[in-house]
Amino acid sequence: MKISRRQLMGFALAAPLGLSACQATYRNHGYVPPEEQLAQVVVGQTTQADIEGLLGRPSAQGLLTGSAWYYVGSRWQFYGPREPREIDRQVVAVSFAENGVVSNVERFGLERGQVVVLSRRVTDAGVSSLGLIRQLLGNVGRVQASDFLRD
């Protein structure tokens with residue numbers, strides 16, 4: 001069996017297309033302010049209005065009015081027909097005191113399925129409110145099927 005020049009050219013053109021399907025693609029979702037912008041936030045002095053100008057509006061807010069702003073960003077890997085996989089997630093939580101001044105700035109990451117505090121700036125030792133991550137993880141195991149069933 002002899003391979004013609006036309007078949008060889010067809011293979012030469014099809015091979016890169018087939019190999020490019022094996023290339024992973026990445027997508028970023030959400031927004032997390034970079035460290036340079038977070039360095040401009042002064043705990044105990046910066047107000048909620050200042051944060052909006054420095055960092056922009058958050059992707060989520062705390063349960064209490066203005067208690068905290070959460071900036072969430074994640075990076076996903078798509079590889080052919082496989083299920084997309086989250087390879088990085090970061091959450092920046094900016095907490096406010098009752099007078100609207102920043103009381104805490106925290107950066108969380110996701111390492112091996114565990115929430116990890118990457119950085120933290122607090123004015124006092126006692127944090128008065130629970131962060132979003134702590135609230136979510138604190139409810140794991142407390143919900144039972146009987147809570148949803150009616151008699």
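Tutor: Happy to! Helices (H or I, at least four residues) and strands (E, at least two) are DSSP runs, numbered from the N terminus. This is a predicted model, where local features need pLDDT of at least 70, side-chain atom pairs count only at pLDDT 80 or more, and totals for chains, interfaces and linings use all residues. Residues are numbered from 1 along each chain as its sequence is written, and side-chain values use heavy atoms, leaving out hydrogens and water.

Student: Is Val-41 buried or exposed?
Tutor: Val-41 lies in the loop between α2 and α3 (48-55). Buried means under 20% relative accessible area, exposed over 50%, and partly exposed in between (1.4 Å probe, protein chains only). Because its relative accessibility is 1%, Val-41 counts as buried.

Student: Which side chain does Tyr-31 join in a polar contact of 2.8 Å?
Tutor: Look in the loop between β1 (25-30) and α2 (35-38), where Tyr-31 sits. A polar contact is a pair of N or O atoms within 3.5 Å; within protein, one must be able to donate a hydrogen and the other to accept it, and residues adjacent in sequence count only if both atoms are side-chain atoms. The side chain that pairs with Tyr-31 in this way belongs to Gln-37.
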